[in-house]
Amino acid sequence: MPQRTIEFGKYGAAGIKGHLAVARQLDALVDFVTTPVTTPRGLQARLRYLTRTPHARAAAREAGLTVTDRTLRAWLGGARRPSRANQGRIEDAYRTVRRHNVARYLLARLNRAGRGTRVEIHPLNQSGVDRPYQRVVELRTLNVRRWDRIVAAWAAADDGALDDAWIQQIIDLGSQWGQYEYVTNVGFAA
């Protein structure tokens, strides 16, 4: 049985870790605010989301937005604009809180009462690999029925746990699972 890849790209293959592709797809399913935080509209939308309830304010503080209530009121009222560093903190806190808030809903949609979700795994790009070193790696589909660990690690932004959870799922591909540790894309819908 293959082990994890140690020297990925040594012969010219291109791709990303499978768990990063899964995280990117989960982020695409969440529907974050698309207006950038640097615009007044995007900033106001994020601040309203982070301050609309006491629970949201507490979650924003846990996520790293540690400014006074007076400063938040000034930002919401338009009297002051946050610095670039604070805009970055607002964006990070918004994404963290949004992920946490939609994780339960997303988990129910992906698990589909035990039926799971069909996942397409697009193999790594071997166009830069010399002919004798290329492998035959085809598009694979896999029905993932247990999304709990994947979604929990994604919501917590824990790359190590997400990687382990994803590897536990692709082991179901059998002896070829090592060929799909690095991919070009992972596609699924919820």
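# Reading cavities, rings and a buried helix

Reader: Which residues line the largest cavity?

Author: This is a predicted model. Its largest cavity is lined by Leu 50, Thr 51, Arg 57, Ala 60, Arg 61, Leu 65 and Leu 72. H3 gives the most, with three residues.

Reader: How many cavities of 30 Å³ or more are there? How much space lies in the largest cavity?

Author: The count is one cavity of 30 Å³ or more. The largest cavity holds about 40 Å³ of space.

Reader: How do the residues of the lining divide into nonpolar, polar and charged?

Author: For the largest cavity, four are nonpolar, one is polar and two are charged.

Reader: Next, the aromatic rings. What describes a pair of them?

Author: The distance of the centres and the angle of the planes describe a pair of aromatic rings.

Reader: How many aromatic pairs does the structure hold?

Author: The structure holds four aromatic pairs. Take Tyr 11 and Tyr 133. Their ring centres are 4.5 Å apart and their planes stand at 15°, so this pair is stacked. The cut-off for stacked is under 30 degrees.

Reader: Where do Tyr 11 and Tyr 133 lie?

Author: Tyr 11 lies in the segment before strand S1 (16–17). Tyr 133 is in the loop between strand S2 (117–123) and strand S3 (140–144). The two are 122 residues apart in sequence, so the pair ties together parts that are 122 residues apart.

Reader: How accessible are Tyr 11 and Tyr 133?

Author: Tyr 11 is at 46% relative accessibility, so Tyr 11 counts as partly exposed. Tyr 133 has a relative accessible area of 47%, so Tyr 133 is partly exposed too.

Reader: What sort of pair do Phe 32 and Tyr 94 make?

Author: Their ring centres lie 6.0 Å apart and their planes are at 65°, so the pair is edge-to-face. This pair links distant parts of the chain, 62 residues apart. Phe 32 sits in the loop between helix H1 (18–30) and helix H2 (40–51). Tyr 94 is in helix H5 (residues 84–111).

Reader: Buried or exposed: which applies to Phe 32 and Tyr 94?

Author: Phe 32 and Tyr 94 are buried. Phe 32, Tyr 49 and Tyr 94 form one aromatic cluster.

Reader: Which charged end sits over the ring of Phe 32?

Author: That of Arg 95, 4.1 Å from the ring centre.

Reader: Now helix H6. Which of its residues are buried?

Author: Ile 150, Val 151, Ala 153, Trp 154 and Ala 155 are the buried residues of H6. Ala 155 also lines the second largest pocket. What covers the buried residues of H6 includes H1, H5 and helix H7 (159–170).

Reader: Take Ala 153 of H6 (residues 148–155). What does Ala 153 touch, beyond residues up to four places away in sequence?

Author: Ala 153 touches Asp 158, Ala 161 and Leu 162. Its relative accessible area is 5%, so Ala 153 is buried; the cut-off is under 20%. Ala 153 and Ala 165 are twelve residues apart in sequence, and their C-alpha atoms are 8.0 Å apart.

Reader: Last, the whole chain. What is its secondary structure?

Author: Seven helices and four strands. Along the sequence the pattern reads β-α-α-α-α-α-β-β-α-α-β. The C-alpha trace spans about 65 × 40 × 25 Å along its principal axes.

Reader: What share of the residues is buried? And what share of contacts joins residues at least 24 apart?

Author: Buried residues make up 42% of the 190 residues. Of the contacts between residues at least 6 apart in sequence, 73% join residues at least 24 apart.

Conventions
Residues are numbered from 1 along each chain as its sequence is written. This is a predicted model: local features need pLDDT of at least 70, side-chain atom pairs count only at pLDDT 80 or more; totals for chains, interfaces and linings use all residues. Side-chain values use heavy atoms; hydrogens and water are left out. Buried means under 20% relative accessible area, exposed over 50%, partly exposed in between (1.4 Å probe, protein chains only). Contact means heavy atoms within 4.5 Å. Rings of Phe, Tyr and Trp (its six-membered ring) pair if their centres lie within 6.5 Å; planes under 30 degrees apart count as stacked, over 60 as edge-to-face and the rest as tilted. A charge sits over a ring if NZ of Lys or CZ of Arg is within 6 Å of the ring centre and within 35 degrees of the ring normal. On a 1 Å grid over the protein atoms alone, a cavity is a set of points where a 1.4 Å probe fits but cannot get out, and a pocket is an open set with protein on both sides within 12 Å along at least five of seven lines; lining residues have an atom within 4 Å of a point. Grid points are joined across faces, edges and corners, and a volume is the space filled by probe spheres set on the points. Ala, Val, Leu, Ile, Met, Phe, Trp, Tyr, Cys and Pro count as nonpolar, Asp, Glu, Lys and Arg as charged, and the others, Gly among them, as polar.
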